[in-house]
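Have a look at the structure first, then read on.

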Amino acid sequence: MKHTLVAFAFLALAMGGCTTDTGSDRDASVATTVETFEWKLITTWPKNLPALGTAPERLAVLIDEMSAGQLKIKVYGAGELTGATEVFDAVSAGTAEMGHGAAYYWVGKAPVAAVFTTLPFGMNAQEMNARLHFGGGLELWRELYEPFNLIPMAAGNSGVQMAGWFNKEINSLEDLKGLKMRIPGLGAEVMNRAGAAPVYLPGGEIFTSLQTGVIDATEWVGPLNDQTLGLHEVAKYYYYPGWHEPSAAIELIVNKEAFESLPIHLQRMVETTARAINQDMVDEFNARNFSSLRSLVEEHGVELRKLPADVLQRLRELSDEVIDEVAGTDELSQRIVDSYRNFQREIQSWSDISEYAYFQARDAEGD
Ligand code: CA
């Protein structure tokens with residue numbers, strides 16, 4: 001990080017010069033210095049990918065404007081400064097001060113990290129944000145990342161994702177057997193137990209891998225981002241719902257020493273701007289997914305399919321198994337999973353009679 005000292009003494013000196021050069025005038029002209037910061041923000045996304053990739057760009061612009069240039073942040077897409085899979089280590093080491101990505105990419109560091117992105121059959125974006133900011137979630141996330149010298153913040157959410165792209169119909173569990181599918185997080189282990197062959201690939205490698213047959217199927221995000229990657233050109237069937245990612249919390253990670261080197265007003269600016277792009281992303285996906293989906297179906301001939309109920313039922317059972325095992329890793333993992341599940345149980349009792357009951361009532365009225 002580069003610090004520059006900028007002196008604002010000249011104006012004060014000039015004003016002081018209007019009067020006699022007394023001691024008190026010199027006191028009034030004491031130089032005010034502003035320390036400026038130039039930071040790097042690395043991402044796991046292709047540069048300027050809608051919503052996921054534009055969120056960190058927006059963060060950089062907002063902080064530059066609000067701080068009057070005191071904190072300048074340069075954003076690097078995946079592969080520009082570091083590879084997509086290197087973001088966590090690079091920010092931990094201070095190679096870059098900030099990273100934008102998703103906690104479930106770092107399950108190699110701690111399997112329970114996935115909980116801070118999503119759990120299969122877990123909470124939606126609204127519920128997840130409630131847990132993170134008013135249900136103790138953020139505090140546990142910070143505890144998990146503390147040994148890695150990182151401070152995490154929520155900085156986006158995809159909302160409910162799509163189950164993914166397939167070149168054959170999925171009519172039964174048999175159809176998942178041997179399927180080479182790109183899928184991250186705990187959903188990958190669930191698919192493994194269902195007989196599929198999950199692989200992880202960064203977003204920028206999905207299209208070519210599907211086109212050349214390295215993989216048979218993939219999930220990515222939802223209509224807006226999937227259309228941008230051109231996945232409809234290399235797969236025919238588009239399945240829902242995104243059981244494996246009922247929301248995906250996106251993270252901003254900040255190197256701890258770098259964060260602590262900021263004056264308090266810039267620390268608050270970083271935290272508040274993260275909250276702003278967190279909500280912005282939810283809004284953008286909600287506002288743009290439906291038109292992308294219409295375009296995929298009506299203009300590109302994509303076949304929309306819902307996963308069969310018995311397939312979803314089996315995936316739900318396997319998800320419970322996998323999450324139980326993650327919880328058993330160590331004491332902190334158990335606390336994190338218990339906290340997530342307890343919050344989900346409680347908020348669901350409210351979601352059922354508020355959002356869910358309302359959606360049902362609204363649909364019934366339209367019939
Ligand atoms: Ca996804």
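A cavity here is a set of points, on a 1 Å grid over the protein atoms alone, where a 1.4 Å probe fits but cannot get out; grid points are joined across faces, edges and corners, and a volume is the space filled by probe spheres set on the points. Keep in mind that this is a predicted model, with local features needing pLDDT of at least 70 and side-chain atom pairs counting only at pLDDT 80 or more, while totals for chains, interfaces and linings use all residues. Residues are numbered from 1 along each chain as its sequence is written, and side-chain values use heavy atoms, with hydrogens and water left out.

**Cavities**

- The largest cavity holds about 80 Å³ of space, and 15 residues line it, with Trp45, Tyr104, Tyr105, Gln161 and Val221 nearest its centre.
- By class, the lining of the largest cavity comes out as nine nonpolar, three polar and three charged residues.
- The count of cavities of 30 Å³ or more is three.

**Pockets**

- A pocket is an open set of points with protein on both sides within 12 Å along at least five of seven lines, and lining residues, for cavities too, have an atom within 4 Å of a point.
- The largest pocket has a volume of about 1,500 Å³.
- Of the 37 residues lining the largest pocket, Asn124, Glu127, Val160, Pro246 and Phe359 lie nearest its centre.
- Elements giving two or more residues to that lining are H5, H11, helix H12 (309-327) and helix H13 (331-366); helices (H or I, at least four residues) and strands (E, at least two) are DSSP runs, numbered from the N terminus.
- The lining of the largest pocket splits into 18 nonpolar, 15 polar and four charged residues.
- The second largest pocket has about 190 Å³ of space, and its lining includes Leu119, Pro120, Phe121, Gly122, Arg316 and Tyr340.
- For the second largest pocket, H12 and H13 are the elements that give two or more residues to the lining.
- Sorted by class, the second largest pocket is lined by five nonpolar, three polar and four charged residues.

**Helix packing**

- Two packed helices are described by the angle between their axes and the distance between the axes.
- Helix H5 (residues 125-134) packs on helix H6 (residues 137-145) at an angle of about 70°, with the axes 4 Å apart (axes are lines fitted to C-alpha atoms, for helices over the stretch in contact, and angles run from 0 to 180 degrees between N-to-C directions).
- That makes H5 roughly perpendicular to H6 (angles under 35 degrees count as roughly parallel, over 145 as roughly antiparallel, 65 to 115 as roughly perpendicular and the rest as oblique).
- Arg131, Leu132 and His133 of H5 meet Gly137, Leu138, Glu139, Leu140 and Trp141 of H6 in this contact (contact means heavy atoms within 4.5 Å).
- In the contact of H5 with H6 there are four nonpolar, two polar and two charged residues.
- Helix H7 (residues 185-193) and H12 pack at about 120°, their axes 9 Å apart, and H7 and H12 are therefore oblique to each other.
- On the H7 side that contact uses Leu186, Glu189, Val190, Met191 and Arg193, while H12 brings residues including Leu315, Leu318 and Ser319.
- Eight nonpolar, one polar and four charged residues make up the contact of H7 with H12.

- Most residues other than glycine have a negative phi, and most peptide bonds are trans.
- The Tyr240 to Pro241 peptide bond is cis, with omega near 0°, and Pro241 sits in the loop between strand E10 (237-240) and strand E11 (249-255).
- Ala68, a residue other than glycine, has a positive phi near 55°; its place is the loop between H3 and strand E3 (71-76).

Key
Ala, Val, Leu, Ile, Met, Phe, Trp, Tyr, Cys and Pro count as nonpolar, Asp, Glu, Lys and Arg as charged, and the others, Gly among them, as polar.
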